[in-house]
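Let's take a walk through this one, helix by helix. Keep the 3D view open and follow along.

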Amino acid sequence: MKFAAAGFAAAVVVLLGFLLDGYHQGLAVYVAIYFIAILGLDIVTGYTGQISIGHGGFMAIGGYTTAMLSHYEHWNLLLTLPASLAVTFLVGVLVGIPALRLSGVYLALVTFGFAVSIPQLPLKFSKLLGGSNGLHTAHSVTHLWLYVVSWSCAGVALLLAWLLLRGRTGRAFRAVRDSEVAAASSGVALPIYKTLAFGVSGALAGVAGSLLVLATNGFAQPSEFGVLLSLQILIGAAVAGLGSLWGVILGALFVGLLPSVSASFPVIGSAHGQDVVFGLAVIVIMLVLPNGVAGLLRRFEPSFKTAIKRDPNTS
Amino acid sequence: MVGFAERLGMKRKSAVGTGFSLPVIALIAAAAIFLVIGSLASNIFAQQTVAGLAQGAIFGSLALALVLIYRATEVINFAQGEMAMATTYIAYQLTLWGLSYWLAFFVTLPIAFVLGALVQVTLIRPVQSSIIAVVIVTVGLFILIDGVVTWIWGADLKFMKAPFGNTVYHAGGVAFSRQDIGVLAVSILSAVVLWLLFKFTKVGLGMRAAALRPAAASLVGVRVNWMLAVGWGLAATLGAVSGLMTEPTQFLQPTMMQAILLYAFAAAVLGGLESPAGAVVGGLALGVFLNLIGQYVGIATPELRLPIAFLVLLLVLLVKPTGLFGRKQVRRV
């Protein structure tokens, strides 16, 4: 069933690649970028229970990694993606270390501070990182290239996340989320799994950031990684319903498409009207569906409760 | 101030230890003596200290607003800064309609109170059982307010009349701007008024009861939900004060409070996140610290103010998670 759905989704993505014109391919690229970033956030927040409002910070680091490698070292853009994956994985692990001692609201505050602080660094080290004008990649890419690469990345990311979450690691993550004390007393090594979750999560966000830089004509600028980006990713994850891989695509569609959909209407179509619509939509969705869309679907899934009884680890 | 924290610093859950420990008092006293000696020794130091206190008072009043809401419901209102920004725009609009600055100031405060209470009743109350849902709603509110304000007033800088004039006092070679002193006075005064409200009025008693033991409070007739709405209203009012006091230095723009929100987070955490007195002291300390470090440490240029505040936040949480005035909490499994 799930494989059929995955195959169908992949077919739709490939088909759309042929059908869409440049503008809509560009939109689809943003959906893929949000998809990867929200997937990353979902691993650490939805599955491991560690609230992060700082994923824009990881995206900034990933984006600047790509821009620097291309600008200074003239790397092939495709090769910068694994590099930014590795860098942001390490940063994620580093962020995960203080997260070992923090939880809930405190962790939210720290990650928020991280997201606010990172875009200040290019302003401080403007010789190396280009200041507020940003850093430009040495090459630019076409819409089609970006479409193929970003959705391939999204597919690989989904596959990796699924493989990671279905087995022992995923069970450990969920155990940490449901009760840290219970998880620790069942032999789950909290430090390893929490930092691992942050590492994987940060790495995915980093790749999303690299793709974002490529999607904005190869410019890495502090303004594109502002607070709003972190908030949007968190919103995407919450709208989707935390802890659901399939919900992530809905969250990505919401965050990626709602602004441009509302832009096509009169009055609310102005840049600020889009923010109003976006903010309103988020609030209304949370009021109507506090557990996101996935929570709604879960309510109608009859096998869910029996699944809990059968195996307490796979809730 | 001790009575302040003792009255308000009571914890909802079983707590160990007291809010005010001797080392903390000694530390603050030492810091104060250091500042006084430094100010006597150097004019620049004195000027930076006063300016830092003025900025810190703004951080403190926004931090106080965050703490008010955190104590009552254990959530952080990420839209607190944006609400403050929006109410400052309302005051600006009132001055455009011909009100004097201070009349607009005092008309804005009740408006902010009503708006804050309305937000709690309409948006927060329906989801208050889930902390993550509340956080997301406040994040949505952040974006919504940003959009509405930019839509109505535009994103360009706006200016209000300087509330304290541009007079500069000279005392022994040190220049104090009247504005810094005014900002400091207004922010501290609003915190004191809040304290009086909590200590000496029935509403204040009810709010303390509702925050401390919601179930018991409702049994003796305190309308807990109303008290929460009043709490949000008061927080929004304090936020309005911090927004209006930010305006003379940052001017009006939709992003004016975003950096201050992070400083307020750091100040609140420095004070222990539970303690109103701690929020004010934390704000003042952070303001002075950022100014002095900017003056005397070469690498700490203005771009690094936010990252430095973030490091303060992180270090406090890692080294002393209860902050200066917080209390250790016993966690039950």
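Start in chain B of this predicted model, where the axes of α5(B) and helix α10 (residues 224–250) of chain B come within 7 Å and cross at roughly 140 degrees. As for handedness, α5(B) passes α10(B) in a right-handed crossing. On the α5(B) side, the residues making the contact include Phe105(B), Thr108(B), Ala112(B), Phe113(B) and Gln120(B), while α10(B) brings in, among them, Leu228(B), Trp232(B), Gly233(B), Thr237(B) and Leu244(B). Sort the residues of this contact by type and you get 18 nonpolar, 6 polar and no charged.

What about α5(B) itself? This helix covers residues 101–124 of chain B, 24 residues in all, and reaches 32 Å from its first C-alpha to its last. That is close to the 34 Å expected at 1.5 Å a residue. Quite a list of residues in α5(B) is buried, including Ala104(B), Phe105(B), Thr108(B), Ala112(B), Phe113(B), Gln120(B) and Ile124(B). Notice that Phe105(B) and Phe113(B) are buried and also take part in the contact with α10(B).

For a contrast in chain B, look at Pro23(B), which sits in helix α2 (residues 22–41). Is Pro23(B) buried or exposed? It counts as exposed, because Pro23(B) has 8 C-beta neighbours inside 10 Å, and the cut-off for exposed is 12 or fewer.

Now for where the chains meet: 34 residues of chain A are in contact with 36 residues of chain B. On the chain A side, the elements giving two or more residues are α5 (104–117), α6 (121–124), α12 and α14 (271–288). The largest share comes from α14(A), with 11 residues. By type, this side of chain A divides into 25 nonpolar, 6 polar and 3 charged residues.

One of those elements, α12 (residues 227–240) of chain A, also has a partner in its own chain: its axis and that of helix α3 (residues 55–73) come within 7 Å and cross at roughly 120 degrees. The two helices are therefore oblique to each other, and their crossing is right-handed. Here His55(A), Gly56(A), Gly57(A) and Met59(A) in α3(A) meet Val227(A), Leu229(A), Ser230(A) and Ile233(A) in α12(A). The residues of this contact split into 4 nonpolar, 4 polar and no charged.

Met59(A) turns up again at Gly206(A): leaving aside neighbours within four places in sequence, Gly206(A) is in contact with Phe58(A), Met59(A), Ile61(A), Gly62(A), Ser84(A), Leu85(A), Val87(A) and Thr88(A). Gly206(A) lies in helix α11 (residues 190–215) of chain A and is buried, with 35 other C-beta atoms within 10 Å.

His74(A), in the loop between α3 and α4 (77–99) of chain A, has a phi near 55 degrees, a positive value in a residue other than glycine. Asn217(A), in the loop between α11 and β2 (219–220) of chain A, has a positive phi of about 60 degrees although it is not a glycine. His74(A) counts as exposed, with 10 C-beta neighbours inside 10 Å, and Asn217(A) is exposed with 10 other C-beta atoms within 10 Å.

Note on methods. Residues are numbered from 1 along each chain as its sequence is written. Chains are lettered from A and ligands numbered from 1 in the order in which they are written. This is a predicted model: local features need pLDDT of at least 70, side-chain atom pairs count only at pLDDT 80 or more; totals for chains, interfaces and linings use all residues. Axes are lines fitted to C-alpha atoms, for helices over the stretch in contact, and angles run from 0 to 180 degrees between N-to-C directions. Helices (H or I, at least four residues) and strands (E, at least two) are DSSP runs, numbered from the N terminus. Angles under 35 degrees count as roughly parallel, over 145 as roughly antiparallel, 65 to 115 as roughly perpendicular and the rest as oblique. A crossing is left-handed if the near helix is turned anticlockwise from the far one by less than a right angle, and right-handed if clockwise. Two residues are in contact if their C-beta atoms, placed from the backbone, lie within 7 Å. Ala, Val, Leu, Ile, Met, Phe, Trp, Tyr, Cys and Pro count as nonpolar, Asp, Glu, Lys and Arg as charged, and the others, Gly among them, as polar. The expected span of a helix is 1.5 Å times one less than its number of residues. A residue is buried if 20 or more other C-beta atoms lie within 10 Å of its own, exposed if 12 or fewer, and partly exposed in between; C-beta atoms are placed from the backbone.
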